[in-house]
Amino acid sequence: MYTLHYAPGAASQLVHVTLLECGAPYHLERVDLEGGQQHGAAYRALNPHGHVPTLVVDGHPQHECAALAMLLAERHPEAALAPLPGTAQRADYLELMLYLANSVQPAFRHWFYPQEAGGDPAAIKDAAAARIESAWQHLAARLESAGPWLLGDTFGVVDIYAAMLMRWSRHLPRPALACAPLADLAARVTARPAWRRAAEIEGLPAWP
Ligand SMILES: N[C@@H](CCC(=O)N[C@@H](CS)C(=O)NCC(=O)O)C(=O)O
């Protein structure tokens, strides 16, 4: 049994959908981000960064949504959510997961929390939006040349991750759905029962 500390629509959504795709038993603990629960001593004992998600795995609190999705894919190979080591798609899988984690998600952090970056918040948000938009171009080109999923004909955690980040862009000047290949990917991911169930449990409004 896993325990996922989450907030609706936050980075924990990747882990929540992945748990459901895996069919793994889990328990949810909601963290009140607006109320600042993530900064309290009880939550900091679980996650010293004061972020969601935290996933308790075999009694140990683990962090970082990308790492958690990759860990779940590894622990539940029957769900086939990631290419196995030694397979042809493995390098692209690692590259895409790290690209989303290192380049795209941090740009969203700047968009949502510009004060953390120091400097002029409006300029930081503009720069973040430009980085995010360039990521959409990169992912759309990839889908156009080798879709319909980011790894070709195989769905996996990388598609869930991309869909979560695309959803975060819905209030940006140019949201991901403005790119037709990304809109198609979003429709595919969000039609899956796991995404729909997680959205229902988290009480998220319909998207896309
Ligand atoms: N690198 C972390 C970042 C997680 C993150 O930024 N979580 C946000 C919600 S999407 C959060 O906890 N925000 C509350 C805060 O920073 O106070 C991860 O990928 O898990």
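Trainee: Which pocket is the space taken by the ligand?

Mentor: A pocket is an open set of points on a 1 Å grid over the protein atoms alone, where a 1.4 Å probe fits, with protein on both sides within 12 Å along at least five of seven lines. A molecule sits in one if more than half of its atoms lie within 2 Å of its grid points. Here the ligand takes the largest pocket. This is a predicted model: local features need pLDDT of at least 70, side-chain atom pairs count only at pLDDT 80 or more, and totals for chains, interfaces and linings use all residues. Residues are numbered from 1 along each chain as its sequence is written, and side-chain values use heavy atoms, with hydrogens and water left out.

Trainee: Which residues are closest to the ligand?

Mentor: Count a residue as near if one of its heavy atoms lies within 4 Å. The ligand has 15 residues around it, and Gln38, Val52, Glu64, Arg109 and Tyr113 are the closest.

Trainee: Where are the polar contacts?

Mentor: Look for pairs of N or O atoms within 3.5 Å. The Glu64 side chain places an N or O atom 2.7 Å from a ligand nitrogen. A polar side-chain atom of Arg109 is 2.8 Å from a ligand oxygen.

Trainee: Why does the ligand lie between the domains?

Mentor: Domain bounds come from an automatic or database assignment. Domain 1 (2-80 + 195-202) and domain 2 (90-192) both give residues to the shell, so the ligand lies between them. Their C-alpha centres are 20 Å apart.

Notes:
Polar contact = N/O pair within 3.5 Å; in protein donor to acceptor, adjacent residues only side chain to side chain. 1 Å grid on protein atoms, 1.4 Å probe; cavity = no way out; pocket = protein on both sides within 12 Å on 5 of 7 lines; lining within 4 Å.
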